[in-house]
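Me: I have a structure open here and have not looked at it before. Can you walk me through some of it?

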Amino acid sequence: MKIAFIGTYPPRECGIGTFTNDLVNSMILPPSGQEEPNEGFVVALNDFTDKYDYPEEVKLTIRQEHQEDYIQAVKFINHSGAEVCVLEHEFGIFGGQNGVYILPLLHRLEVPLIVTLHTILKTPSYNEKAVLQQICKMANKIVVMSHKAIEFLVDIYDVPKERIAFIDHGVPDLQFSSGKSKKEFKLEHKKVLTTFGFIGRNKGIETVIKALPKVIEKHPNVVYMILGKTHPNVLRHSGEEYRIFLMRLVKNLQVEKNVVFLNEYLNVKDLFKYLSATDVYITPYLNESQITSGTLAYAIGVGSAVVSTPYWHAAELLADGRGRLFKFGDSEELSSVLTELLDNPTELNKLKTKAGEYGKRITWPKTGEKYIAIANEAIEQGTKESGKKDTILDLLILPPFSLDHINRLTDDTGIIQHAKFGIPNLKEGYCLDDNARALLMVLMAYKQIKDARSLELSPVYLSYIHYMQNKDGTFRNFLSFSRNYLDEVGSEDSFGRTIWALGYLLGNAPNDAYYQTGRLVFFNAAPHFEKLKSIRSIANSMIGICYYLKANPGDDAMTERLRNMAHKLINQFEENQSPDWQWFESLLAYDNGMLPLSLLHSAEILNEDKVLEVALKSMQFLTEHTLNENYLSIIGNEKWYKKNGERSVFAQQPVDAMAMVLMYHQAFLVTKDKEYLNKLYTSFLWFLGENDLRLSLYDFETKGCCDGFESYGVNRNQGAESSLAYLISHLTVLQAYEEFHKI
């Protein structure tokens, strides 16, 4: 068979990279009874800064935080002739929040998938759980290395037990003489204690150092070897702070002669020599939350006497006399255990013998054969379809809904319209457009998820709208930060967006006070509805009117207004359409999705075939020009897209993506065609990197949305318009998800 492997890989210094390398070698070698070796190649994950000189089996690399690399990788795998893909999963090696960037790759994978899980959390965050559940849904088989992991997957992540395979962590089939190894390292007359692996605070090495003085009193020839470099993530954030702390502790306890730090990432051969020279191997981790430990497996594999704290993997692997356990952080107990074992060579040898016997059962050649058997089963089974549903609408890769950035932009007057990066730009003041969008968003949030903060923010935005209304029912748009009016009458677009938000309020009011205020402002503006000239203002106002009429179907006068406005749009369509141009104007410009959206809303109220016909025709035309590459490519606002001209790709803005999300949602409600949910979800993913630049507009740190992107990259400013467009789209996905599952 031909196998594609995805994971970190040497020379990157990473435990999972070593695992991947060993697994590749064990699966590519000819299995017993098979003359020809399997074929295979590696897709390697690079970290944030380093580039590596990979061996020839690495055919492609993925830069961790570059989502476009994941898409290119899956295309490569699908066209490589690979029959099965083996993924090594650890949250920290993939990009995006909680490694979410791996999901688009797996969604597109056209060959069976086997996943090895190196971390399974007992108390995952919402996103951690969602990401892992989605990976498991797409996998033909999930491999774990402890029975506790099976328990977690079944009970916490709802993974069917029959999909899970237990395979011990493999160990290299290497043996070295204890005497020769001690002699090579000049340890012939020493009692050697060893801990190895990446160093970080959670490793609990200080527990061993604190235990040494009492052990040394009776066994002065003890040497504690601390083998390994500081973990790269720890180095990046804290430097060598932990190693320096340990060295100071060694000095304070006056055990400098008995402790050796070897700040190296050892190759497997040297590591096994050190383990062969070891009398007692110690893993003193500080808490139980480690489901798999490669260092522990190696120590058992070489036949070491192991003493460990009872973290999950250790409690399981050291059962039946294969090792000894001591309580977390208990230096006193560790001193007693070590002294007892060093006093009693017979007991020490019993532990070594039992560990060695078990180690012979988990060598990599035997582990590789088990993986090959699973791979053959997966190939026979074919691509797992449970993760690739007829409707891809899924909440699993949505960031948690958050109003953090909206709170940052909002004061007691309203929402500030612009931002410098993630900070409100007070110099630009406020505008009606954004406060109308903000009112719409918080009302949706309260209706959809009963967000308490949304209810608190609603009167802020509603009062701004009320303040900006003129006596004749029109609206001003701009207000300075010092609360001075900056115009007499705002644009028709700002008028239309305000009517949209007010109409939604009248159809979904959280209380009577807000309803009465909204009704007052709405009907003060109503005489201007049929005077509007801008087709987008007409469309936005129509949507607001439809929300009002759904709650007040007996208002015949407003229904007639809606009919007249709908026919204005239909007339525009008929004047500008041609066989190859099914649109309302001679160009595709901004907020395009709002035009079909308004007719889709109106079709529910008016029950006119012509309204629905134009809505569907124009939506199909827009779809053909923006959604023909399996991702959303918005019409750029540099030169738009003129009839018989070339379309602009840049600059693309979030409000256009929001319009597409809303349009497809309403199309689903009207037609019940689930394919529109796929298009809705694809459009939403524009915010998260499924776009022309493959860059995420959503900022996982600020919880805001960037203002769009040019050909050179993302505009990092996070103004109100963009962030509100994202949140309205997010809430629409949540609503659509519920509606889909009610069918």
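Reply: What follows covers a strand, a helix, the nonpolar cores and some salt bridges, all in a predicted model.

Me: Start with β1. Which strands does β1 pair with?
Reply: β1 pairs with β2 (residues 39-46) in the parallel sense, over six bridges. β1 also pairs with β4 (residues 84-89), again in the parallel sense, over four bridges.

Me: What stands opposite Ile6, and what stands opposite Ala4?
Reply: Ile6 faces Val43 in β2. Ala4 has Cys85 in β4 opposite.

Me: How many residues of β1 are buried?
Reply: Five of the six, so β1 (residues 2-7) is largely enclosed by the rest of the structure.

Me: Is α17 mostly covered or mostly open?
Reply: Mostly covered, with 15 of its 18 residues buried. Just after α17, Lys450 has a positive phi of about 50 degrees.

Me: Now the core. Which residues touch the most other members of the largest one?
Reply: Met441 and Phe529, in a nonpolar core of 121 residues.

Me: And what is Met441 in contact with, leaving aside neighbours within four places in sequence?
Reply: Phe401, Leu403, Ile406, Leu724, Leu727, Ile728 and Leu731. There is also a second, separate core of 46 residues, which includes Tyr70, Phe91, Leu103 and Ile164.

Me: Different topic. How many salt bridges are there?
Reply: A search of the whole structure gives 33. One of them joins Arg108 and Glu690, with the closest N and O atoms 2.9 Å apart. Arg108 is in helix α3 and Glu690 in the loop between α26 and β20, 582 residues apart.

Me: Is Glu690 buried or exposed?
Reply: Glu690 counts as buried, because its relative accessibility is 3%. Arg108 is partly exposed, at 31% relative accessible area.

Notes. Residues are numbered from 1 along each chain as its sequence is written. This is a predicted model: local features need pLDDT of at least 70, side-chain atom pairs count only at pLDDT 80 or more; totals for chains, interfaces and linings use all residues. Side-chain values use heavy atoms; hydrogens and water are left out. Buried means under 20% relative accessible area, exposed over 50%, partly exposed in between (1.4 Å probe, protein chains only). Helices (H or I, at least four residues) and strands (E, at least two) are DSSP runs, numbered from the N terminus. Two strands pair if DSSP finds at least two bridges between them. A nonpolar core is a set of buried Ala, Val, Leu, Ile, Met, Phe, Trp, Tyr and Cys residues joined through side-chain atoms within 4.5 Å. Contact means heavy atoms within 4.5 Å. A salt bridge is a side-chain nitrogen of Lys or Arg within 4 Å of a carboxyl oxygen of Asp or Glu.
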